[in-house]
Amino acid sequence: MKILVVGGAGYIGSHMVKRLIQGGAEVVTLDNLSGGYRDAICGGTFIYGDIADSSLLSRVFASHDFAAVMHFASYIQVGESVIEPAKYYQNNVSNTLNLLDMMVAFAVKRFIFSSTAAIFGEPQYTPIDEQHPKNPINPYGRSKWMVEQALADYDRAYGLKSTCLRYFNAAGADPDGEMGERHDPETHLIPLVLQAASGRREQIRVFGRDYDTPDGTCIRDYIHVTDLAEAHWLALEHLLAGRDSCAFNLGNGNGFSVQEVIDAARQVTGKTIPCADEQRRSGDPARLVADSRSIRDQLGWQPRYADLDKIIADAWRWETRSGGS
Ligand code: UFG
């Protein structure tokens with residue numbers, strides 16, 4: 001079984017490549033290394049390139065018989081998407097359509113898509129289930145929702161089956177310490193807190209303590225990246241079994257506040273972790289928690305690393321081992 005992993009050199013993609021290889025799949029990674037690292041790919045074939053490049057894509061599809069495509073190559077910064085929407089629509093939408101069209105042309109009919117909680121916008125209720133209205137409030141969220149809608153049309157018209165996995169807050173690192181989060185710039189809470197713990201960053205800024213939550217800081221649903229990879233594996237099995245297209249929300253169903261994350265990180269690392277209070281960051285909802293019963297019921301997904309301390313401990317091992325690379 002040969003799988004094309006687009007963006008396999010990135011944070012979540014690299015954990016997926018490892019899971020696929022462990023499962024006996026043959027992996028071809030296509031990545032332009034704009035946000036990924038060649039040394040994060042633990043095996044299989046690597047092709048340097050961009051999904052905007054149709055002639056490259058057609059050569060890749062002509063020379064491999066893929067059972068499915070997994071797509072992790074997108075821009076993910078909400079704030080940047082507001083300032084540079086074109087970058088997000090070009091890559092996350094237009095280039096993705098280019099990839100889908102190539103799949104249709106070569107009759108590759110199974111696609112697993114990295115979607116996001118950002119498609120829901122400001123939550124109308126929590127935990128957020130799959131039926132929650134989709135009202136993205138920034139170009140990043142809109143770019144992902146556009147692709148989800150295109151996928152429904154591609155299924156109806158071309159029989160292209162897809163699974164959309166809407167990540168809540170991906171975090172942690174490979175429990176064996178082989179790979180982890182290396183965004184540049186880093187904007188995510190847990191790696192930033194751990195950089196403040198290791199001394200790589202002076203302090204962690206807490207964006208708002210006046211939210212309507214028990215301690216006033218925002219609540220998020222952190223999901224271990226290895227559990228995310230497992231969900232993709234199950235989604236792949238689902239499509240390979242000839243089942244229908246679907247979309248799942250993916251989180252642990254537990255919310256932790258920014259302050260709770262900092263406290264847990266102090267506990268796990270034994271470091272003080274200096275904090276500074278800041279104004280709210282624009283566009284941050286107070287509480288984002290997933291209702292993931294659907295993927296549990298339908299695909300049998302069970303998070304193995306739901307414990308926040310474990311998520312932080314694995315990220316800490318990566319932070320202290322990678323030394324800032
Ligand atoms: N935060 C801080 N200080 C920091 C960084 C973050 O207080 O230095 C806070 C944020 O304000 C937020 C929480 O920590 O309340 C989590 O922030 P992250 O940036 O780690 O994650 P987000 O919840 O903003 O974003 C995640 C994904 C996005 C996705 C979004 C869905 O990373 O890709 O969820 O809304 F779009």
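This is a predicted model: local features need pLDDT of at least 70, side-chain atom pairs count only at pLDDT 80 or more; totals for chains, interfaces and linings use all residues.
The crossing of α1 and α7 is right-handed. Select residues 11–22 for α1 and residues 225–240 for α7: the two axes are 9 Å apart, and the packing angle is about 60 degrees. Angles of 65 to 115 degrees would count as roughly perpendicular and those under 35 as roughly parallel, so α1 is oblique to α7.

Next, display the side chains at this crossing. Coloured by class, the contact of α1 with α7 shows seven nonpolar, three polar and two charged residues.

**Second stop: α4 and α5**

Select residues 85–105 (α4) and residues 139–158 (α5), whose axes come within 9 Å and cross at roughly 20 degrees. The two helices are therefore roughly parallel to each other. The crossing of α4 past α5 is right-handed. On the α4 side, the contact is made by Pro85, Tyr88, Tyr89, Asn92, Val93, Thr96, Leu97, Leu100 and Val104. Its partners on α5 are Pro139, Tyr140, Ser143, Lys144, Met146, Val147, Ala150, Tyr154 and Tyr158. By class, the contact of α4 with α5 comprises 14 nonpolar, three polar and one charged residues.

Colour the chain by domain: domain 1 covers 2–171 + 223–250, and domain 2 covers 189–220 + 253–290 + 305–322. Taken over C-alpha atoms, the centres of domain 1 and domain 2 are separated by 27 Å. Domain 1 contributes 17 residues to the contact and domain 2 contributes twelve. On the side of domain 1 that touches domain 2, highlight β7 (169–171), α7 and β11 (246–250), the elements that give two or more residues. The residues on that side of domain 1 divide into nine nonpolar, six polar and two charged.

**Last stop: the ligand**

Centre the view on Ala118, His188, Leu189, Phe207 and Cys218, which come nearest of the 21 residues around the ligand. Then select α6 (189–198) and β8 (204–207), each of which supplies at least two residues of the shell. The largest share, four residues, comes from β8.

Key. Residues are numbered from 1 along each chain as its sequence is written. Axes are lines fitted to C-alpha atoms, for helices over the stretch in contact, and angles run from 0 to 180 degrees between N-to-C directions. Angles under 35 degrees count as roughly parallel, over 145 as roughly antiparallel, 65 to 115 as roughly perpendicular and the rest as oblique. A crossing is left-handed if the near helix is turned anticlockwise from the far one by less than a right angle, and right-handed if clockwise. Ala, Val, Leu, Ile, Met, Phe, Trp, Tyr, Cys and Pro count as nonpolar, Asp, Glu, Lys and Arg as charged, and the others, Gly among them, as polar. A residue is near a molecule or strand if its C-beta atom, placed from the backbone, lies within 6 Å of it. Domain bounds come from an automatic or database domain assignment. Two residues are in contact if their C-beta atoms, placed from the backbone, lie within 7 Å.
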